[in-house]
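The exercises below ask you to read a fold step by step. Keep the sequence and the 3D view open as you work through each solution.

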Amino acid sequence: STPSGTAKVIVLTGASSGIGEATARHLARLGHHLFIGARRLDRLTALQDELRAEGCHVEVMQLDVTRLEDLQGIASQTHATHGRIDVLINNAGVMPLSPLAALKIDEWNRMLDVNVRGVLHGIAAALPIMQAQGHGHIINIASIGAYQVWPSSAVYCASKFAVRAISDGLRQETDAIRVTLVSPGVVESELADHITDETARAAMREFRRIALPPQAVAQAIAYAIAQPDGVDVNELIVRPTASP
Ligand code: NDP
């Protein structure tokens, strides 16, 4: 595990299930100090109890990434507790897939609000703190859908293309801050549970037959964090071996 001298202060969104939960476990067990958020506080506190029992350092905060003030809240709370934020991981996301012709406009807006505005809110909350301290690392979770589009996934992919564009722009604009885009292929999680469109649900069931454990993405994130200062892993694409 990381010696305390290199333990990082890490803010992580979407830690109540899937990739975020696995990432919280993995990074906390490496000795980092975590501040984790999501809407389901019961899930977060259960995870906190489990990790604290192992001697890990985990704080929780209920938050909705569509609310800028919630991200500002976790950032200022983390800064007040530890005096710095070394890493922000914008992981929270939703994926209610459907064909455009189904006109699920509320779900389109939800994806843009959570997946795009949520990431921007995280950046807005952490960037001033990181710039003032002269270092930082922002890790955004995109998807292979940031590079490729499939039927029923136009808006989801648009949201992830946007995360990729925002990440690359942020990287070029900030000399002292590392920016990493992590793009997983299919991962076992609750992400597809909220698909309401029957066609998209059936397609996703097929697609998900080959999936990564969320721990694989956690390890990719940990790899980017573990690089020496001045080394910025720009992008990581992580797919199951058997994916096309
Ligand atoms: P899950 O559905 O298991 O986890 C999503 C997390 O996001 C939950 O913790 C959820 O918490 C949180 N979340 C959703 N909406 C909000 C919100 N408004 N405010 C705060 N938190 C929110 O899915 P994954 O773990 O798979 O997804 C994590 C990320 O990985 C997403 O960005 C997703 O797009 C991306 N991804 C996933 C892939 C996959 O195949 N699973 C592939 C590629 C990328 P709560 O509901 O408690 O708020």
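Helices (H or I, at least four residues) and strands (E, at least two) are DSSP runs, numbered from the N terminus. Residues are numbered from 1 along each chain as its sequence is written. This is a predicted model, in which local features need pLDDT of at least 70 and side-chain atom pairs count only at pLDDT 80 or more, while totals for chains, interfaces and linings use all residues.

**Exercise 1.** Work out in what order the elements of the chain run from the N terminus on.

*Solution.* Begin with the totals, which are seven helices and seven strands. Then follow the chain from its N terminus, where the elements run β-α-β-α-β-α-β-α-β-α-β-α-α-β.

**Exercise 2.** Decide whether the radius of gyration of the chain agrees with that of a compact globule.

*Solution.* The radius is taken over C-alpha atoms, and the globule rule is 2.2 Å times the number of residues to the power 0.38. For 244 residues a compact globule would have a radius of gyration near 18 Å, and because the chain has 17 Å, the two agree. The C-alpha trace spans about 50 × 40 × 35 Å along its principal axes.

**Exercise 3.** Find the buried residues of α5 and name elements that cover them.

*Solution.* A residue is buried if 20 or more other C-beta atoms, placed from the backbone, lie within 10 Å of its own. In α5 (residues 154-173), the buried residues include Val155, Tyr156, Val163 and Ile166. Among the elements covering the buried residues of α5 are α4 (105-133), β5 (136-141) and β6 (177-184).

Definitions and conventions:
Expected span 1.5 Å × (residues − 1). Buried ≥ 20, exposed ≤ 12 C-beta atoms within 10 Å, placed from the backbone. Contact = placed C-beta atoms within 7 Å.
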